Amino acid sequence: MGSTEPKLVVTEPELIKQILSNKEGIFPKIKLKGLVKKIFGDGIVVAEGEKWLKLRKLANHSFHGDCLKDMVPAMIASVETMLDKWRYHEGKEIEVCDGFKLLTSEVISRTAFGSSYLEGQEIFALLTKLSSLISRNALKIRFFGIRKFIRTKDEIEAEKVEKLLNESIMEIVEKRQDEVITGQASSFGSDFLGLLLKVHHDMDRGNQKSASDLIDECKTLYSPLTTITRRIERKVKLGKYEFPANVDLIILPLALHMNPDIWGKDAHLFKPERFSEGLAKATNGNAVSFLGFGFGPRICVGLNFASNEAKITLSMILQRHKFTLSPNYVHSPFVVLMTQPQHGVQILLQPL
Ligand code: HEM
């Protein structure tokens, strides 16, 4: 977020709704600059207009309905691998955060890219490296144009990591293409990578996607998201005030989630039962107040995928174990692009 544009933090639900549900392009995504651009590339997360619409249709298709159902066995197999390792820790403490990161990397590698765990792990390791370089430099302001002439150690390092990342993704892509070319497979497949390749190989040259577009899209699915940001494209009235063009809008989901006027006096407490009668009841008919997955046309495309994965994982854990938080756990939420526990999550595992 270290750009020099003026910034406006928006916390009013009605204004957030106006911004996130706008379909006329008055509040587009912000233009990423510097190191952050390396992680998100130029894919669906940042695209606008026709390009976004096309990519969104593809992604919607890959992460809904039957495609999502077909992914369940791969999710179960990945959780089983993780829980096999947990068996050796029964009656003892275990740190689970790193295991969950590995699990999500394995699930997305298998389901969206049909690739192996090791390939996915390599991509995640590179993305983690890029994330920490970005976080370390997020608040540093560099004078306009200076990047062209003088590059910092971190910028040089980030370029190397990006190159390795692109090569690793391209290896997976080429393997899939070769399978079709050599006749080992009859189609590119119906997962996300398969659909992207189908578009890439579209006979109509005008529609062909470039290899770098492909890589950008693949990177998108491995990317973690945090703050929701938009930009004011042209002079606009937002609430009582009129704003000029080129203002960055910052929406912090936590500011809404902790608001006692919306959620009640117990907003800050862990009370899953507040959702027992649905989101509308929990938010007093104000669905925009729950921003975990965003809102409006750009709502998270992986919402059902991620929710299924979480439900499968939790139910499989609970079928085998009871657990309590270890006294060694230190509560310290920490942002490295996304919020994570700074010192891990230690739990005490007991068999059922
Ligand atoms: C618990 C896990 C996840 C959370 C909390 C989450 C959160 C979000 C949020 C808040 C947005 C909206 C960003 C904005 O409006 O600027 C978003 C967008 C997006 N998410 Fe997720 N996400 C999760 C998992 C996933 C997964 C597993 C995938 C891929 C399979 C994914 C792919 C995307 C994409 C492609 C977008 C951009 C959609 C667009 O601009 O049309 N997300 N996510």
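A residue is taken as buried if 20 or more other C-beta atoms lie within 10 Å of its own, and as exposed if 12 or fewer do. By this criterion, M75, S78 and V79 of helix α5 are buried in the predicted model. Seen down the axis of α5, the buried residues fall within an arc of 95°, and they therefore line one face of the helix. This face packs against α6 (97-113) and α14. P73, A77, E80 and D84, in contrast, are exposed on the other side of α5. The helix itself comprises 15 residues, 72-86. Its span from the first C-alpha to the last is 21 Å, close to the 21 Å expected at 1.5 Å a residue.

The shell around the ligand holds 18 residues, of which G294, R298, C300, G302 and A306 come nearest. Its composition by class is 12 nonpolar, 4 polar and 2 charged residues.

A further position examined was G34, in the loop that joins α1 (13-20) and α2 (35-40). The C-alpha atom of G34 is separated by 9.5 Å from that of N137, although the two residues are 103 residues apart along the chain.

Notes
Residues numbered from 1 in each chain as written. Predicted model: local features only at pLDDT ≥ 70, side-chain atom pairs only at ≥ 80, totals over all residues. Near = placed C-beta within 6 Å. Nonpolar A, V, L, I, M, F, W, Y, C, P; charged D, E, K, R; others polar. Helix = DSSP H or I, 4+ residues; strand = E, 2+ residues; numbered from the N terminus. Expected span 1.5 Å × (residues − 1). Arc of directions from axis to C-beta. Contact = placed C-beta atoms within 7 Å.
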